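Student: I would like a close look at a single part of this model, taken slowly and with the packing around it set out in order.

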Amino acid sequence: MLKSSESPSAEPPSRVGRRPSTSRAELERHALRLFAERGFDEVTVEDIAAAAGIGRRTFFRYYKSKNDAVWGDFAGELRRMREVLDGYPPGTPMMDALREAIVDFNRLDAAQIPWHRLRMRLILEVPALQAHSTLMYAEWRAVVAEFAARRLGEPADALLPQVIAYACLGAAVAAYEQWLRQDGSDLAAFLDEALRALAPGFGEAPAEG
């Protein structure tokens, strides 16, 4: 549902100094590390830029705000999820395609897990991020609703595509909350289980897994 395509590595660099250039992933690393150390509300854009060895203006070339830094390259990941959904053959059951695409969207390498846990705790628990998160969730739901609408032959803003989008988001958030409560658990397994449970409600039996 929520991961960045440039998720940070497990070990952030200890040396901080001015560099001639940086990357979105590096900036994300510094932001997440500072949020973990000081708390989200106590960190400024200037703090993140200084940790990355760049100027404030350069920060805004990558992110519109410190809120966006928490989400990483979310727009790029949404484009990828849309492409994955577009690639499913018409014969693939709608809910199977959505389940597989959403699980893939959130699949993590081992090195990404500590950072992604931090990211999701911020997104789900920090009050200052809630309004921004609502906007990001709406973009995610739009991708799901557009796919469901094509399969159903309805407009994306019709009731059933919207119900499917909201249900998938709710299932994914519930899976994430379980994952955050249980260290060492498998996020993909939680997502798969939660999304499989939705299929009968939309008139489909989930494929054998």
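In what kind of crossing, left-handed or right-handed, does α8 pass α9, and what else is in contact with α8?

Tutor: The model is a predicted one, and what follows is read from it with that in mind. α8 passes α9 in a right-handed crossing. The two helices, α8 and α9 (residues 159–181), pack at an angle of about 130°, with their axes 8 Å apart. Because angles over 145 degrees would count as roughly antiparallel and 65 to 115 as roughly perpendicular, α8 is therefore classed as oblique to α9. On the α8 side the contact is made by Tyr137, Trp140, Arg141, Val144, Ala145, Ala148, Ala149 and Leu152, which meet Leu160, Pro161, Gln162, Ile164, Ala165, Tyr166, Cys168, Leu169 and Val173 in α9. By class, the residues of this contact divide into 15 nonpolar, 1 polar and 1 charged.

Another neighbour is α7 (residues 113–125), whose axis comes within 8 Å of that of α8 and crosses it at roughly 105°. That angle makes α7 roughly perpendicular to α8. Here Ile123, Leu124 and Glu125 of α7 are in contact with Gln130, Ser133 and Tyr137 of α8, and the classes are 3 nonpolar, 2 polar and 1 charged.

With α5, the arrangement is set by an angle of about 10° and axes that lie 11 Å apart, so α5 and α8 are roughly parallel to each other. From α5 the contact takes Phe74, Leu78, Met81, Arg82, Leu85 and Asp86, and from α8 it takes Met136, Glu139, Trp140, Val143, Val144, Glu146, Phe147 and Arg150. These residues divide into 9 nonpolar, no polar and 5 charged.

The elements that give two or more residues to the lining are α5 (74–86) and α8 (130–152), with α8 giving the most, 4 residues. By class, the lining of the largest pocket has 6 nonpolar, 2 polar and 5 charged residues.

Methods. Residues numbered from 1 in each chain as written. Predicted model: local features only at pLDDT ≥ 70, side-chain atom pairs only at ≥ 80, totals over all residues. Heavy atoms only, no water. Nonpolar A, V, L, I, M, F, W, Y, C, P; charged D, E, K, R; others polar. Axes fitted to C-alpha atoms, helices over the stretch in contact; angles between N-to-C directions. Parallel < 35°, antiparallel > 145°, perpendicular 65-115°, else oblique. Contact = heavy atoms within 4.5 Å. Left-handed = near helix turned anticlockwise from the far one by under 90°.
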